[in-house]
Amino acid sequence: MFTQLKNIESAFSHVKLFSYILIAACTIISCFALYKSFQAANIASNHIYILANGKALEAFAADRKDNIPVEARDHIRMFHHYFFTLDPDEKVIDANIGKALYLADESAKNQYNDLKEKSYYNNLISGNISQQVNVDSVYLDINQYPYYFKCYATEKLIRSTSTVNRNLITQGYLRNVSRSDNNPHGFLILHWETLANKDTTIQK
């Protein structure tokens, strides 16, 4: 009888131990499943699908700090493109300058007013001169805020009789602002100034 009781007690201990092990294993598996589900949800949230021309294109979400150099350089290129790409048409000039002034502070407005007072834009119109700009490179220092930049570009003035190439160097600072349709990158150019703008070659 005592042997039977001992066997029952031993069996009960084994069943109890097995139950504890089973509960612990279930808990570990559940925690692991929850962790992997949370990880998968995070990965999925970083995937953005864009529908373009009937095709789903995958994009990846990233923190703004990872994109600051790329977005800042593109903002500077856009500003210089709008400010310096001009045709002998008053409406085109006003439209481009208007877009450029959304991307910079009053320093760009002051330069525009100076050029306007010197009849620069009127001379473009009367002389049927087109002006184009190509940004060669942009130096950007993101270790300080506002971010300092220096832009190196080439200007081309196309006349009916010749084409003039100019070296253009400007500098300024960038600060963060809210994004909008007029300012998609969310930067504003501060204290913008032209360091050099001189003729290099003239092609007849």
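Me: What makes Asn128 count as exposed rather than buried?

Reply: In this predicted model, Asn128 has a relative accessibility of 54%, and because exposed means over 50%, Asn128 counts as exposed. The residue lies in the loop between H5 and S3, and its phi is near 50°, a positive value in a residue other than glycine.

Me: Where is His191 found, and why is it called exposed?

Reply: His191 is found in strand S6; its relative accessibility is 53%, and since the word exposed is used for values over 50%, His191 counts as exposed. Its phi, near 50°, is likewise positive in a residue other than glycine.

Me: How do you know that Arg179 and Glu71 form a salt bridge?

Reply: A nitrogen and an oxygen of their side chains are 2.9 Å apart, and because a salt bridge asks for a side-chain nitrogen of Lys or Arg within 4 Å of a carboxyl oxygen of Asp or Glu, the pair of Arg179 and Glu71 qualifies. The two partners belong to distant parts of the chain, Arg179 to the loop between S5 and S6 and Glu71 to helix H2, 108 residues apart.

Me: Why is Glu71 called buried, and why is Arg179 called partly exposed?

Reply: Glu71 has 14% relative accessibility, so it counts as buried, the limit for that word being under 20%. Arg179 has 45%, which falls between the limits of 20% and 50%, and therefore the residue counts as partly exposed.

Me: How many salt bridges does a search of the whole structure find, and what does Asp199 pair with?

Reply: The search finds two, and in one of them Asp199 pairs with Arg166, with the closest N and O atoms 2.8 Å apart. Arg166, at 16% relative accessibility, counts as buried, whereas Asp199, at 45%, counts as partly exposed.

Me: How do you know that the buried residues of H4 line one face of the helix?

Reply: The buried residues in H4 are Ser107, Ala108, Gln111 and Tyr112. Seen down the axis of H4, they fall within an arc of 140°, so they line one face of the helix. An α-helix has 3.6 residues a turn, so residues three or four places apart point the same way. The face turned away from the buried side of H4 carries the exposed residues Glu106 and Glu117. As for its span, H4 has twelve residues and reaches 16 Å from its first C-alpha to its last, close to the 16 Å expected at 1.5 Å a residue.

Me: Which residues have the most contacts inside the largest nonpolar core, and which element gives the largest share of this core?

Reply: The largest nonpolar core has 34 residues, and those with the most contacts inside it are Phe79, Phe83, Tyr121, Phe149, Leu174 and Trp192. Helix H2 gives the largest share of this core, with seven residues. Leaving aside its neighbours within four places in sequence, Leu174 is in contact with residues including Ala72, Ile76, Pro146 and Phe149.

Methods:
Residues numbered from 1 in each chain as written. Predicted model: local features only at pLDDT ≥ 70, side-chain atom pairs only at ≥ 80, totals over all residues. Heavy atoms only, no water. Core = buried A, V, L, I, M, F, W, Y, C linked by side-chain atoms within 4.5 Å. Buried < 20%, exposed > 50% of the residue type's maximum accessible area, 1.4 Å probe, protein only. Helix = DSSP H or I, 4+ residues; strand = E, 2+ residues; numbered from the N terminus. Contact = heavy atoms within 4.5 Å. Expected span 1.5 Å × (residues − 1). Arc of directions from axis to C-beta.
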